Amino acid sequence: MAAFFSRISIFKIFLAFTLCFSDIGFLQGATSLGINYGQLGDNLLPPEKVLDLLSSLKITKARIYDTNPQVLTAFANSGVELMVTIENAMLGQLMNPQAAFQWVSSHIKPYFPATNITSIAVGNEVFTDDDTTVLLSNLVPAMISIQTALAQLGLDSYIKISTPCSLAVLKESYPPSAGSFKPEVAQVMTQLLQFLQSTKAPFWINAYPYFAYKGDPNRVSLDYVLFNANQGMVDPFTKLHYDNMLYAQVDAAIYAMARLGFNGIEVKVSETGWPSRGDSNEIGATLQNAATYNRNLLRRQLQNEGTPLRPKLRLEVYVFALFNEDMKPGPTSERNYGLFQPDGTMAYNVGLSAISTSRTPTSSSTTSASISDVFSSATKAATMEYRQSWVGWITVCMVTFHVFMGRPF
């Protein structure tokens, strides 16, 4: 009898172990997917309608480029995780702790927690801004002042502070293991990384494989940058295989941080996208390429993938952008990154009527379907995989039970 209960106890331990380590997290869905909600347009939907649109897309994370009170009010009680932004021009003022406290008190505290503000982007691409010299000296002091203000108001455990960086901060990015920062940014970058490490905040990057293809279309594979099926590349030093450029860019940033002595800081993609139109010299800026890139990116997000260097840490990505913004300056492409037109109609189809469970598609063709089809189809596929995995675990448990009980099948 004692042997019987001993076997039962061992079985319970084994069952608990299998439950803990089985893959039950898929129900969280594409929790790593967000979208950039820019507002440089004179004909955009009101924030309330934008929230309805995000809900229909099942997107629960968004980034705005200011602290627009209309948006913050409209998003109250929606559950959408919101990243807000401090404009570059304000960094000098917010170095002052008192000014930072006042800013947080008036721009964040009145809306939180009803509006689920989870991140504050202090500036955007400060390291590569036209006024870099002045901004860089202000960046980390402003971040420290904002962090201190959050702590004084009891918000620091809910809201993380970081600053999105362009990949132009990298001196080397190929192969990924050669990733390194430019010498001219190393000093301030080290200060930034010390801050991020101490506050357990992520390193944000704006990563656009489109620019790499546009710059050298004869050498950069279009399928590689679009997440289409391709032979990819193998890092000669780590032997890790990369089948798309975005993941390679993320890992290059991880290696660059490691070269400055920082390991363990999570890298998140604050912007990535593909323009659906461009000027004559903007090679690759087509509707078909934009649809393919974003559709394939959505597919990857629904699989909650990590990069080859960090395969078990799902990569958080914010798609750029929700809308085409007609008031953005620059080349034509700048006004054509949106998944939607300003009135909420689709700029192009990023959905498929059916999605296979294969890792990557073999074609960049699109079909007429709504973006929600991507989510529903992939979720069904994940559900099937989940059920199959549980059948497998139950079988293992049954076999184990019979083994420990010493009974035949």
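These are my notebook entries on a predicted model of one protein chain.

**Entry 1: confidence**

I checked the pLDDT before anything else. The protein chain averages 84, and 78% of the residues score at least 70.

**Entry 2: overall make-up**

I counted elements next: the protein chain has 12 helices and 13 strands. Of its 409 residues, 50% are buried. I also asked how far apart in sequence the contacting residues sit. Among contacts with a separation of 6 or more, 71% link residues 24 or more positions apart.

**Entry 3: the sheet**

Which strands make up the open sheet, and in what order? I traced nine of them, running E5-E4-E3-E2-E1-E13-E12-E9-E6, and the pairing is parallel. At the edges I found strand E5 (160-162) and strand E6 (165-166), each pairing on one side only. As a reminder to myself, strands of a sheet pair through backbone hydrogen bonds, either parallel or antiparallel.

I picked two pairs to look at in detail. Strand E2 (residues 61-63) is joined to E3 by three bridges, and the two run parallel. Within that pair, Lys-61 has Glu-81 of E3 as its bridge partner. Further along the sheet, strand E12 (residues 267-272) and strand E13 (residues 317-319) also run parallel, joined by two bridges. There I noted Val-269 with its bridge partner Val-317 in E13.

Why is E3 largely enclosed by the rest of the structure? I went through its six residues and five are buried, so the strand is largely enclosed.

I then looked up Thr-115, which sits in the loop between helix H5 (97-107) and strand E4 (117-122). Is Thr-115 buried or exposed? Its relative accessible area is 1%; the cut-off for buried is under 20%, so Thr-115 counts as buried. Leaving aside neighbours within four places in sequence, I listed its contacts as Leu-72, Phe-75, Ala-76 and Leu-82.

**Entry 4: the largest pocket**

The largest pocket holds about 1,500 Å³ of space. I got 47 lining residues, and the closest to the pocket's centre are Glu-125, Ser-166, Asn-206, Tyr-208 and Phe-211. H10 supplies the largest share, three residues. I sorted the lining by class and got 20 nonpolar, 16 polar and 11 charged.

**Entry 5: the cavity**

Rolling a probe the size of a water molecule over the atoms shows where empty space is left. How many cavities of 30 Å³ or more are there? I found one. About 70 Å³ of space lies in the largest cavity. Its lining is made by Val-250, Ile-254, Glu-266, Val-267, Thr-307, Arg-310, Leu-313, Arg-314 and Leu-315. By class I put down five nonpolar, one polar and three charged residues.

Terms used:
Residues are numbered from 1 along each chain as its sequence is written. This is a predicted model: local features need pLDDT of at least 70, side-chain atom pairs count only at pLDDT 80 or more; totals for chains, interfaces and linings use all residues. Side-chain values use heavy atoms; hydrogens and water are left out. Two strands pair if DSSP finds at least two bridges between them. Helices (H or I, at least four residues) and strands (E, at least two) are DSSP runs, numbered from the N terminus. On a 1 Å grid over the protein atoms alone, a cavity is a set of points where a 1.4 Å probe fits but cannot get out, and a pocket is an open set with protein on both sides within 12 Å along at least five of seven lines; lining residues have an atom within 4 Å of a point. Grid points are joined across faces, edges and corners, and a volume is the space filled by probe spheres set on the points. Ala, Val, Leu, Ile, Met, Phe, Trp, Tyr, Cys and Pro count as nonpolar, Asp, Glu, Lys and Arg as charged, and the others, Gly among them, as polar. pLDDT is the predictor's confidence in each residue, from 0 to 100. Buried means under 20% relative accessible area, exposed over 50%, partly exposed in between (1.4 Å probe, protein chains only). Contact means heavy atoms within 4.5 Å.
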